[in-house]
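User: Please take a close look at one part of this model, the nonpolar core and what surrounds it. Keep it brisk.

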Amino acid sequence: MKASDLEEMANTVMNDPESYKICSICGGIVDRSADICPDCSGYRFDTDRESVANRALDLAAKRSEAVTHLDDLT
């Protein structure tokens, strides 16, 4: 995933943090309507809007090291 993609996703989350939550297992940001994290199948989430916005900044600033459901493995 390119840095510009991460920045774009972070901006989307920061503009509407109420629509997202943080997976307590893997730290990924998921849509608020999700019952299960698509990356790790976790089901506990942090819904605090400030925490979500800060996590988006953290994820955009660092190089991704994890394989997620967004990665094309073919």
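Analyst: What follows goes from the core to a helix, then to the sheet and the cysteines.

This is a predicted model, so local features need pLDDT of at least 70, side-chain atom pairs count only at pLDDT 80 or more, and totals for chains, interfaces and linings use all residues. Residues are numbered from 1 along each chain as its sequence is written, and side-chain values use heavy atoms, with hydrogens and water left out.

Start with the core. A nonpolar core is a set of buried Ala, Val, Leu, Ile, Met, Phe, Trp, Tyr and Cys residues joined through side-chain atoms within 4.5 Å. Buried means under 20% relative accessible area, exposed over 50%, and partly exposed in between (1.4 Å probe, protein chains only). The largest such core has six residues: Ala 10, Val 13, Tyr 20, Ile 22, Val 52 and Ala 56. Helix H1 (3-15), strand S1 (20-23) and helix H2 (49-61) each give two or more residues to this core. Helices (H or I, at least four residues) and strands (E, at least two) are DSSP runs, numbered from the N terminus. Another core, of five residues, lies apart from it and includes Cys 23, Val 30, Ala 34 and Phe 45.

Val 13 has contacts (heavy atoms within 4.5 Å) with Tyr 20, Ile 29, Val 52 and Ala 56, not counting residues up to four places away in sequence.

Now H2. Val 52, Ala 53 and Ala 56 are buried in this helix. They cover an arc of only 100° around the axis, so they sit on the same side of H2. The arc is that of the directions from the helix axis to the C-beta atoms. Exposed Glu 50 and Ala 61 are carried by the face of H2 turned away from its buried side.

Next, the sheet. Three strands form an open sheet, ordered S2-S1-S3, with antiparallel pairing. Two strands pair if DSSP finds at least two bridges between them. S2 (29-31) and S3 (45-46) are at the edges with a single partner strand each, so one side of each has no neighbour in the sheet. S1 and S2 pair over three bridges. Lys 21 stands opposite Val 30 in S2.

Last, the cysteines. The structure holds zero disulfides, a disulfide being a pair of cysteine sulfur atoms within 2.5 Å. The sulfur of Cys 23 has its closest cysteine sulfur in Cys 40, at 3.5 Å, which is too far for a bond. Cys 23 is buried, with a relative accessible area of 2%. Cys 40 is partly exposed, at 30% relative accessible area.
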